[in-house]
Each structure stands twice: as structure tokens, then as C-alpha cells.
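Me: I would like to learn how to read a model of two chains, one feature at a time. Could you take me through it, with the general idea before each case?

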Amino acid sequence: MEQFLQVLLSGLATGSIYALAAIGFTLVWQAAQTVNFAQGEFVMVPAFFVLVAMNMGMPFWLAMIIAMLVSVFLLGYLFKRAIVEPMQRQGHGNSLSLIIVTMALAILLKESVKEFYGAEAQPYPALMSSETWNIGGAIISVTDVLHLVISLGVVLLLTLFLDRTRTGRAMQATAQNPGVAEILGVDTNRMILYTFLINAALASLASFLITPVYLAKFSNGEYLGLIAFIAAIVGGFNQIRGALAGGLLIGVLDNMVATYLTAEYRAAIPLLLLIVVILFKPEGLLGTSEGRSV
Amino acid sequence: MNRRTIIGLAASAMMLGTSCIPSFAEDPIKIGAVVELSGGGAVAGTNYRDGAMLAAKEINASGGVLGRQLEVTQYDTATDPQTSRALVQKAIDEGAYAIWGTVYSSSTIVNMMVAQQAGVPQITGSEAPNITAQGNPYIFRSSYGAQKGVPALTAYFKDTLGAKKVAVAWVNNEFGKGGHDVFIEEMKKAGIEVAADIPSEAGAADFASDVARIKDSGADAVFVYLHEEESARFLREAHKQAIPQPLVGEVTLTGQKVIELAGEAANGAVAHVGLTADAPLETFQNFGKAFEAEYGRTADHNAIKGYVSAYMLKYGTEKAGEVDREKFINTMHGLCLTAEEAPGLLLDTCWDDAGEMSRASFIMEVKDGKQVVTGTVPAN
């Protein structure tokens, strides 16, 4: 029982990080109808901004604030203005071209970090103390709990923001039908920009949470991006709460399988889950069906 | 014969004589350093490369090898075995006299055949037992294989720790499988039960379930056989879950990079290490200081492998008497060199006919974030 609880809590903590990255996929999908395959790298890069700021002598908390601002500007504003908008203006916005561009962006970010900071993993300070709690024989760290609380909090706040505020409803209207939203006076361009900025801020948050566990390394985004993508599909690509469910499910399932079934094939589990969901519930566990004209 | 004819003949003879001197006498000796500079093996490969480059710099500064400078070209395998194979071929096509690397066994086992077919000596930092069991006369180790290293731990588990049951956490690739198989065999011989046998993938980040299983396995001690970054993550998770069993590894577990990444979680980890800059010997300490002065960081065992690789090439070639690949490999097989005559090797070292290395080794423990030598194991 202790082991089960330990694995469950650890799985939830890991899954909550996947969820934060997966939310980014759903946000960008809703705003730009594209899949951002650089999402994993968006989570990897802010940690290096923190390390650079700390190397410049800033305290950890200030370095995180600076890193988040820089990330929001570079990975949110600049990504939208310099990459997404020009592609959309040229009529490639909803096509495969934009997806391929995000793949190229992922390589660019990864290789740039490698060139600038080296290929070796770097130690990264933990957000919280290494204090642990004993819950029914299972040991869980303050950091694990923080991961879970932040992920749940983000989903709650984001849902409230989208449902209860004028800006949030305008963003939803833009996501559902930009043409009609524009006729109704919504500044759709601004709403889409907000979505990209929120995505960059969430990616930074995920970066600050996961890097103490993963260690700061240029290649972190590869695995994280893949798992978050799968989590978003499993949960429902068009639902924020779906991304949360998908992330948590994969985190728990991965740990449970490695403990009770097979450690050797644990990497295959998310992929198997993806196949099953696509076969039997293609809209995702909490997603809704969307019709599109072709 | 008038004076003009004599001068003309003399000049012609001089020109002829000059042209008869082999044109490559002053040419540099080309070396292909095929290493993991990116991907999962970047820590190991970068350290190996830096150690080798430091040695090459020293060798060139002291007159080179048989009067010729070393010209080292670096090739990044991205920790991909197939890429490493292509790059070994590229290095050979570009005229490499010898290959240094790779460090990851899963790459070496693939690319060593290319060097063998071309008749090019290869000095590797890999430790999987099967590398020197293929009958390849061109492969040489710069550290001994797991089949020599892991058995040195048997006495530690049995006598020092008094273990009746052990758990094994290992990385599921060529390197990990080699060490794992040797360890399981050794435990069987020693009458120690393996209570948990847990593989993980290279690059794994989440060790929560592995540690939870080990904790509940009833093992008295744990053998950890992972790469550097995974070792650090494992140690952090073990520290978090307050695992009571002693953690013992072979080489990587107490590496400097692991200590840096794992922080206080590395304290108490024990490993059998063939190469460490903290060895209580002047040669190792001098190397450690030179490496730190050059790169501003502490050398780990992979850096020492790289350093030793370069000096193996120098001493082997000089013993052979000329820059000749066949003479080099014939000289290296069965060669024994003392640290006095070959200080670049840091310790008295021998190679057998398979290219396997023999030398003394150390038991290390991490105390207060530092590697401390707690015992010496004689050469086997």
C-alpha cells in the first residue's frame, strides 16, 4: 500500500508538469489552429534564461522574473509577430507549413542553447526546499505538492479567466469563429496575441518546476514535448481541463506500469494510450468533437 | 669536370636528396576524435574530448610523437551509434592514423568494425565487456572493461556490507547490459540473491517507481549502473524517498559531474573507480590540476580516459619506432608500461592481446560533496 501511494503521488507530481506543457498545445491550437512542435523547447529555454541571469549575479527569484518576462517576449510576442503572423498573412497559417516552421524553430532553439550553454546538463536550483512529508508511509516532497497545486491552480484560474472575464470570452469567441468575433467588435488579433503570451508564461512556469528534476539540458524539450503532445491528444486537444487530465493520466500510468508491470517497456505506454484514444475516442477523454470544412 | 659542373651536380644531388626525404616526415599525425559531444552522452564525450585535447596539447608542446605534431579533428556522434559509424569512416577517409573514442559502448560496438576493416587502431573509452571479446585486434581500452571492474565490487558487497540480497538499477543499453550481466553472475557466484532487477532507458528522468521498488525489495544494498545524468537523477530521487540501503556503483556513481548535479543527494554513494583525479597519487593529482587550469572545472573519469587515450597513442607509436598502424597494434598487444617511464598513463598499465587494460583501481565514497578514496584494489 505504501508503495502504491508513493508511486501514485510521484506520478501525479510528474504528470502535473506534463499537463502544464500540454495546456500550451491546446492554447496555441485554439488561437492559431496549429500544433506548436517547439512547445517542448519553449519549456526548456526559460530555465537557461534563469541560469544566465543568475550568472550575471541576480538572485534566483529575480532571475526567474526576468526569465519569465524575456520568455513571454521572445516565445510569446516575437513568436506570434515574427513567425505566425507572416505565415498567416501569406495564407500558410492553417496549413502544414506553420507546423513545419515550428519544427524548425524547435531545432533552432535546441541547437542555440547547445552552442551558447554547452551540451552538458547543468544543476538548477529547486523552487522549494527539499523538505519531505510522510503520508501513509509514502514520502512526498514539498516540491511535488507544489507541482500539483500549481497545475491545478493554473487550470482553475485559466478556466475562470476564459469563462468569467470579458477578455476571456472574447478569446473564446476568437478561437471558435474569428470572422464572427471580428464582426462583433472583438480585436481578434489582440486576443490571439494574449493566447500566445499566456502560453509562453505557462511554459516558463513549467520550466521552473521541471528543471530541478530534469536538470537544465538543451535536449529536455524532445521528450517533454512529445509527452505533452500525447497528453493533450489523450485529454482532448481543444480543452484545457483535458490537457490536465491527459498529463496526470500519463504521469500516473507511466509510474504504475514501471512498478507493477514492466520497467523495460514503460516508454511505450504513452504511445499505446495514444493509439487506443485515437481509435476509440479521437476527440480525447474530455475533448469535444469539432467539424471543419475541407 | 669544371667548377660549374661540380656545383651543378652538387645542387642537383642536394635537390634529389631533399626530394628523397619522405614528404610526410614533418606532416602532422592526423587523429579522429569521434566522441559524444551532444545527445545523452554529451557529459561523458565532452569530458573525454577535453582530456584527450589536453594531452594532445602537452604532447605537441613537448615535441610531438616521433617529432611529428598531433592534428586532432573532432567529430560529434550526437550519441547515435549509426552516426558514430559514419563518422569513424569519415575520419578514416580524411587520413586518420588512429581513432580516439567513442565513449558509449552502444556506439563503439557498432563503429569499431569500420576501423577494423580499414586497419585503423582505435582507442576507446567504452567499458562494455563484449568490446574486447570480438577478436578485433585494432581496439584498445583506455580503462578496463566492466568484466574487470564489477567483480572488484563483489568483496565489497559480501564482506564490507555483508549483503545477502541486492537490488540492481541499470541503464538498458550496451554499457548497462554489460555491467548488469557481469554483476548478476558475480552475485550468483558469491551466493547473494538479486531481490530487484530494474532497467531504465538512457536519458530517463523519472526514477520514482524504480526507487520505490528498490525500497520495498528487501535488498540490503543497491548496485547502481547508470550514466552520469541518470545517476544524478536516481540519487536525488533516492534521497527524496529516504532509501535506507547503501548505494554502490561502478565508476559513474561518484563522478564529479554526478556530485555537481545531485548535490547533497550524492553524499554516501560509493563506487569502484578505475580512474579518478582524487587518487592519492602525484600523477593523478598533477593531471587534475592541469585539467582544472585548462577548463576551469574538475576532471572526471572520462576526462582521464581521454587523456590516457592520447598518451597510449604516443607511447605505443614511439615503442613501435615509427608511425605505422600495424606496428602500433603489434606493439600494444602485451605491452606493460610503468608510470615512471610513461607518466601520461598515470599508473602502471598493461594491455593484453585483446586490447583489454589492467591497472590498479580505487573504492571511492562521496563525503560532504567530495570524492574520497577509501580503498585501493590491485590490478586484476
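Me: Which residues does A:Gln6 touch, not counting residues up to four places away in sequence?

Reply: Keep in mind throughout that this is a predicted model. Contacts are read from C-beta atoms that lie within 7 Å of each other, and by that reading A:Gln6 touches A:Ala138 and A:Ile139 in its own chain, together with B:Ala212 and B:Gln241 of chain B. The residue belongs to helix α1 of chain A, which covers residues 2-32.

Me: Is A:Gln6 buried or exposed?

Reply: A residue is called buried if 20 or more other C-beta atoms lie within 10 Å of its own. A:Gln6 has 26 of them within 10 Å, and therefore counts as buried.

Me: What is the overall make-up of chain A?

Reply: One begins with the elements and then turns to the dimensions. Chain A has 11 helices and 2 strands, which run α-α-α-α-β-β-α-α-α-α-α-α-α from the N terminus on. Its radius of gyration is 19 Å, close to the 19 Å that the globule rule gives for 294 residues, so chain A is as compact as a globular protein of that length. Along the principal axes, its C-alpha atoms fill a box of roughly 60 × 50 × 35 Å. Buried residues make up 49% of the 294 residues, and among contacts with a separation of 6 or more, 73% are between residues 24 or more positions apart.

Me: What span should helix α4 of chain B have, and where is its kink centred?

Reply: The span of a helix can be checked against its number of residues, and its axis can be examined separately for a bend. The 14 residues of α4(B), residues 105-118, should span 20 Å at 1.5 Å a residue, and the end C-alpha atoms are 20 Å apart, which agrees. There is also a kink of about 30°, centred on B:Asn111. That residue is one of the buried residues of α4(B), which also include B:Ile109, B:Met112 and B:Val114; what covers them includes β1 (29-35), α3 (81-93) and α7 (174-190) of chain B. After the helix comes B:Gly119, with a positive phi near 70°.

Me: Which backbone angles deserve a look elsewhere in chain B, and where do the residues lie?

Reply: A cis peptide bond joins B:Gly101 and B:Thr102, with omega about -5°, and B:Thr102 is in the loop between β3 and α4 of chain B. Phi is positive, near 50°, in B:Ala242, which lies in the loop between α9 and β9 and counts as exposed because it has 11 C-beta neighbours inside 10 Å. Phi of B:Asp368 is likewise positive, near 50°; B:Asp368 lies in the loop between β14 and β15, and with 7 C-beta neighbours inside 10 Å it counts as exposed.

Methods
Residues numbered from 1 in each chain as written. Chains lettered and ligands numbered in written order. Predicted model: local features only at pLDDT ≥ 70, side-chain atom pairs only at ≥ 80, totals over all residues. Helix = DSSP H or I, 4+ residues; strand = E, 2+ residues; numbered from the N terminus. Rg over C-alpha atoms; globule rule 2.2 N^0.38 Å. Buried ≥ 20, exposed ≤ 12 C-beta atoms within 10 Å, placed from the backbone. Contact = placed C-beta atoms within 7 Å. Expected span 1.5 Å × (residues − 1). Bend = angle between axes of the 7 residues up to and from the residue.
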